[in-house]
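Here is a friendly walk through one structure. Have your viewer open and follow along as you read.

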Amino acid sequence: MGHKVRSAVSFLLVALISVALAMLLISLTGSEVGRAFAGFFRGIVGSSYSIAEVFVKATPLTLAGLGVAVAFRSGFINIGTEGQLYMGAIAATAIAMYLPNLPALLMIPACMLGAFLLGGLWALIPGLLKSRFGISDVLNTIMFNYIAIAIVGILVQTALKDPNNYFPQSPPLPAASALAVIIKSTRLHSGIFIALAAAALVYLFIFKTPAGFRMRAVGLNPRACKCVGISALSCVLISSLISGGLAGVAGFCEVMGLHHKLLPGISPSYGYLAIIVTLLGKNNPLGVVLAAIGIAALQVGSLAMQRAASVPSAIAEIIMGVVVILILARQTLFKGLLQPARKEEKA
Amino acid sequence: MPLLEMRNIDKVFFGQYANRDVDLAVESGEIHALLGENGAGKTTLMNILYGIYTRDGGQVLWQGRPVEFASPRDAIACRIGMVHQHFMLVPTLTVSQNITLGLKSPGYPFSKRKALNEGIMDISRRYGLKIDPEAYVSRLSVGEQQRVEIIKLLYRNTELLILDEPTAVLTPQETQNLFAVLRRLKDNGCSVILITHRIPEVMEIADRVTVLRDARKIITAPTGGLTEKQLSEYMIGRELRPVRREGVARTEGSGLTLSDLCLKVNGVEKLDRVSLDIAPGEILGLAGVDGNGQKELAEAAMGIRKPDSGRVLLAGEDLSAWAVDRRIKGGLAYISDDRHHDSLVMPMSLMENLLLKYSAYQRFVKNGFINMKVLRRTTEQAIRDYEIKTLSAESPVSYLSGGNQQKLILARELTEDRRAIVALQPTRGLDIGASEFVQNQLLACKRRNCAILLISADLEEVLSLSDRIAVIHDGAIMGVKDNTPDIDVAELGLMMAGRRLEELKGGEAGHGA
């Protein structure tokens with residue numbers, strides 16, 4: 001058996017364990033396993049609407065996942081894409097609200113740029129704190145999530161509040177700021193193209209440009225980079241800016257593509273799911289796109305399963321947690337399968 | 001019946017034998033040297049004995065009985081102990097705490113520290129291992145730490161001590177002290193396995209020697225019937241060819257100048273007004289025991305560390321305020337003693353590791369992207385010029401042997417345009433062939449009029465390459481001497497132990513008067 005086949009078998013085992021666990025949990029809730037699974041798959045590929053819905057969710061996951069990947073490549077552990085996404089959403093909303101007369105051709109780029117910059121700034125600060133003062137990036141980015149979400153909460157009751165609405169949310173944004181729906185009678189908007197273009201650009205950046213190369217080198221061995229004269233500080237700053245910027249654009253897409261206004265709960269934890277997406281996609285832009293679609297399908301399917309067989313969609317979240325743990329532990333778990341000839345590694 | 005017998009030991013790493021059909025027999029009460037070059041398989045063999053590696057074939061007999069050690073714990077239970085090259089001590093604990101760590105003494109966990117210290121002092125007196133049980137390990141010199149490691153083993157009633165290159169970190173005088181300790185151990189019935197690649201030491205201290213070469217055992221014999229020349233032939237398979245340094249006179253003009261460098265790290269003085277002046281075309285060897293500020297000095301010269309005061313000049317130009325990249329562009333090169341951490345990004349390819357130095361060079365960038373064509377051509381040229389053994393320019397450098405990794409670093413660092421080189425232990429961990437290659441490259445740079453600061457703990461290397469020799473101790477320069485053929489090595493040894501050259505000269509003058 002070649003290494004690739006062994007690797008494929010190990011992934012198959014991961015899938016089998018997950019399915020078995022899903023069946024167990026579903027039957028524990030007293031639902032019919034067959035009906036639940038049918039509902040799950042019909043929910044994903046049953047209609048053009050359901051397929052489109054997968055890509056609707058994949059759009060922010062891809063953008064935020066790319067952001068996490070760029071950060072991880074330089075060794076900046078960005079757990080804060082959720083907050084950066086919200087900051088992007090704030091910037092986009094504010095620009096559209098306060099410059100309502102811009103034509104679409106200017107409006108959309110302006111909102112996107114604003115979202116990129118504010119999201120980027122939200123990652124740049126922890127990036128600076130890490131690379132300049134050595135303060136934990138993990139802790140800071142998490143704390144910045146809380147701050148960002150709280151800021152949204154304040155703004156939708158004050159500066160960005162819709163005066164004609166009882167609920168804390170922004171007024172509907174001008175039509176010129178909306179991303180076009182690309183398939184009729186679905187929610188799929190042109191944000192998906194932004195996400196795919198971002199994946200291509202990130203790929204070119206990290207693998208083909210000198211700055212991206214330096215960033216990867218710093219992520220792998222900052223000490224060697226210091227000794228050959230590559231500044232880890234500037235690499236981490238650039239990568240945190242781009243990372244947060246991409247998450248900010250994800251926020252922009254959610255506001256301008258789906259809701260057309262700013263709401264407090266605009267992201268159902270896309271920022272956290274993005275970390276899973278990046279881990280599964282192995283920090284590779286193509287891998288991130290595929291993982292984002294996979295996670296989106298899992299989410300869409302589980303919601304359908306809940307409707308079809310009244311299985312709690314929480315089960316999908318349990319399964320997702322198990323899948324991630326299994327994939328991350330795969331090398332150790334299936335050691336005998338993956339490295340059968342070698343008894344031990346050289347120390 | 002020998003105390004320890006290892007029979008037909010095999011060990012394979014990634015399809016390559018690290019040990020092949022190796023035999024070793026140690027009698028009780030003998031000092032047995034295990035001699036071989038780096039990579040000959042000495043440490044592998046001892047790690048198998050000590051339960052760190054599992055063997056692929058063969059048998060281990062302890063006091064005539066076959067044994068299987070799954071971990072060092074089992075070996076220690078059989079009263080076998082090892083002092084590793086890198087000491088295994090907890091710096092924030094005292095000597096006494098380190099020695100009793102993991103043992104349950106009466107009253108545990110409320111140990112009677114005084115009684116324990118008595119036991120330690122007993123051992124200390126019996127074997128002449130001077131130590132203060134209440135001192136913190138972080139405060140101890142390397143030689144003292146080694147004593148703690150040895151006492152740690154004796155405290156556990158070890159019968160067979162394995163010492164892995166124990167003299168690498170010692171001054172000549174400290175080495176003599178260690179040997180005195182080893183003789184007392186022997187008189188008390190202990191056995192010692194001494195791993196080394198230094199032939200004179202084998203002749204001086206060992207009763208018998210086993211020579212390993214290329215994973216195989218070459219010979220086991222009493223040292224009495226052998227000469228140094230024979231041993232070196234057994235060890236490297238041919239006669240030792242000393243590297244010949246050419247008698248190029250020092251060129252006038254200024255090369256690399258370090259002036260009054262001072263550096264404190266966490267309040268501890270690492271560099272104390274270090275001044276050195278290296279002319280173009282000169283190799284200045286900086287001798288000294290490991291850990292006396294050598295690395296800090298190299299990094300201060302390169303700008304990797306910022307000294308608290310002092311200046312660095314290249315050809316008269318003050319570089320002190322320059323960042324590392326600017327110094328490299330200005331003609332400085334750095335070879336670090338730690339390839340894996342300081343010089344290479346292990347998962348990256350040869351090409352990418354070469355690009356580390358050039359990523360900001362216009363020649364390697366085209367339309368904002370990395371110019372892969374130029375990079376590939378440059379890498380393939382380097383592979384040919386330096387005879388780097390690799391599958392391709394795209395293989396990760398982690399697949400290369402240590403010698404080939406070092407060649408890649410030389411190819412990257414020692415380019416034609418270099419004006420000064422800081423070489424920190426450039427041959428550490430390399431076998432004799434690769435070491436010769438590195439040394440010849442340094443001599444080639446010398447011919448191109450580079451000023452070279454060669455920092456090495458290997459006195460042989462310093463003696464064979466340098467025009468002048470400086471000695472560093474505790475961050476200060478003890479003196480600089482011309483490297484004449486009749487240079488007084490004992491004097492260098494005293495300087496390595498902390499005596500200043502003027503002091504020694506003064507002492508002589510005093511004798512004469």
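Predicted model: local features only at pLDDT ≥ 70, side-chain atom pairs only at ≥ 80, totals over all residues.

## Helix H6 of chain B

Let's begin with H6(B), which covers residues 172–187. Its 16 residues should span 22 Å at 1.5 Å a residue, and the end C-alpha atoms are 23 Å apart, which agrees. The buried residues in this helix are B:Glu174, B:Thr175, B:Leu178, B:Leu182 and B:Leu185. Because they cover an arc of only 100° around the axis, they sit on the same side of H6(B).

What do the buried residues of H6(B) pack against? Their partners in chain B are the strands E3 (31–35), E7 (160–164) and E8 (191–196), together with the helices H4 (113–127), H5 (142–155) and H7 (199–205). After the helix comes B:Gly189, which has a positive phi near 95°.

## Helix H2 of chain A

Over in chain A, helix H2 runs through residues 33–45. Buried here are A:Ala36, A:Gly39, A:Phe40, A:Gly43 and A:Ile44. They cover an arc of only 125° around the axis, so they fall on the same side of H2(A).

## Strands E1, E2 and E4 of chain B

Back in chain B, strand E1 (residues 4–13) pairs with two strands described here, E4 and E2. With E4 (residues 57–62) the pairing is antiparallel and has five bridges; B:Glu5 stands opposite B:Leu61 of E4(B).

Seven bridges connect E1(B) to E2 (residues 16–26), again in the antiparallel sense. B:Phe13 has B:Gln16 in E2(B) as its bridge partner. E1(B) and E2(B) form a hairpin with two residues between the strands, and there B:Phe14 takes a positive phi near 50°. As a reminder, most residues other than glycine have a negative phi.

## Where chain B touches chain A

How many residues of chain B are in contact with chain A? There are 27, and they meet 18 residues of chain A. On the chain B side, the elements that give two or more residues are helix H10 (324–329), helix H11 (339–343), helix H12 (350–358) and strand E18 (369–370). H12(B) gives the largest share, four residues. By class, this side of chain B has 17 nonpolar, six polar and four charged residues.

## Two loop residues with positive phi

Two loop residues in chain B are worth a look in your viewer. B:Glu387 is not a glycine, yet its phi is positive, near 50°. B:Glu387 lies in the loop between helix H13 (372–385) and helix H14 (402–413) of chain B. Is B:Glu387 buried or exposed? It is exposed, because 9 other C-beta atoms lie within 10 Å, and the cut-off for exposed is 12 or fewer.

B:Asn449 also has a positive phi, about 80°, although it is not a glycine. B:Asn449 belongs to the loop between helix H15 (432–447) and strand E20 (451–455) of chain B. With 16 C-beta neighbours inside 10 Å, B:Asn449 counts as partly exposed.

Terms used:
Residues numbered from 1 in each chain as written. Chains lettered and ligands numbered in written order. Expected span 1.5 Å × (residues − 1). Buried ≥ 20, exposed ≤ 12 C-beta atoms within 10 Å, placed from the backbone. Arc of directions from axis to C-beta. Contact = placed C-beta atoms within 7 Å. Pairing = 2+ DSSP bridges. Nonpolar A, V, L, I, M, F, W, Y, C, P; charged D, E, K, R; others polar.
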